[in-house]
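Biologist: Could you walk me through this model? I have the sequence and the structure open, so let's look together.

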Amino acid sequence: MSWLFLLLGVLAEATSHVALKATDSFTNPLPSAVVILGHITAFLFLAQAMKNIPVGVVHASWTGLAIALVTVLSSVIYKQHIDIKVWIGMTIIAVGVAVINLAGVSHHH
């Protein structure tokens, strides 16, 4: 269940960051609300994930997956061009997160 909370935190964070562009310096109310609620939601989910997953693993997975998801969403939603070097970097991040998961992370108490 902790990994589900982590993934939901990533989704909330990525949504928040992608919406940030549409806030127009927080003058556009709907995207501004999405940003604020997205960050709050992300931290609530991450706090739940940290109950059974070490903080470092949660943080590394959260940031890596969020970076990759924000990049993909931005290229789709805002039609931002992403060159091959960026995609290679995203692949490296994905592999890193997979290695962390395959390492059989021990639970802390």
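Modeller: Happy to! Let's begin at the surface, where Val72, Val76, Ile77, Ile84, Trp87, Ile88 and Ile92 form a nonpolar patch with about 660 Å² of accessible area together. Areas come from the Shrake-Rupley method with a 1.4 Å probe, and for residues only the protein chains shown count as cover. Please keep in mind that this is a predicted model: local features need pLDDT of at least 70 and side-chain atom pairs pLDDT 80 or more, while totals for chains, interfaces and linings use all residues. Residues are numbered from 1 along each chain as its sequence is written, and side-chain values use heavy atoms, leaving out hydrogens and water.

Biologist: Which helix gives the largest share of the nonpolar patch?

Modeller: Helices here are DSSP runs (H or I, at least four residues; strands are E, at least two), numbered from the N terminus. Helix 3 and helix 4 (84–102) each supply at least two residues of the patch. The largest share, four residues, comes from helix 4.

Biologist: Is Ile92 buried or exposed?

Modeller: Ile92 lies in helix 4. Buried means under 20% relative accessible area, exposed over 50%, and partly exposed in between (1.4 Å probe, protein chains only). At 57% relative accessibility, Ile92 counts as exposed.

Biologist: Why does the pair of Phe5 and Phe45 count as stacked?

Modeller: Rings of Phe, Tyr and Trp (its six-membered ring) pair if their centres lie within 6.5 Å; planes under 30 degrees apart are stacked, over 60 edge-to-face and the rest tilted. That rule gives two aromatic pairs. In this one the ring centres are 6.1 Å apart and the planes of Phe5 and Phe45 meet at 25°, so the pair is stacked.

Biologist: How many residues apart in sequence are the parts that Phe5 and Phe45 tie together?

Modeller: Phe5 sits in helix 1 (residues 2–20), and Phe45 belongs to helix 2 (residues 29–49). The pair therefore ties together parts separated in sequence by 40 residues.

Biologist: Which residues does Ser16 contact, leaving aside neighbours within four places in sequence?

Modeller: Ser16 lies in helix 1 and, at 0% relative accessibility, is buried. Counting contact as heavy atoms within 4.5 Å, its partners are Val34, Val35, Gly38 and His39.

Terms used. Patches are made of residues with over 30% relative accessible area and no salt bridge: like charges are joined within 9 Å, nonpolar side chains (Val, Leu, Ile, Met, Phe, Trp, Tyr) within 5 Å. A salt bridge is a side-chain nitrogen of Lys or Arg within 4 Å of a carboxyl oxygen of Asp or Glu.
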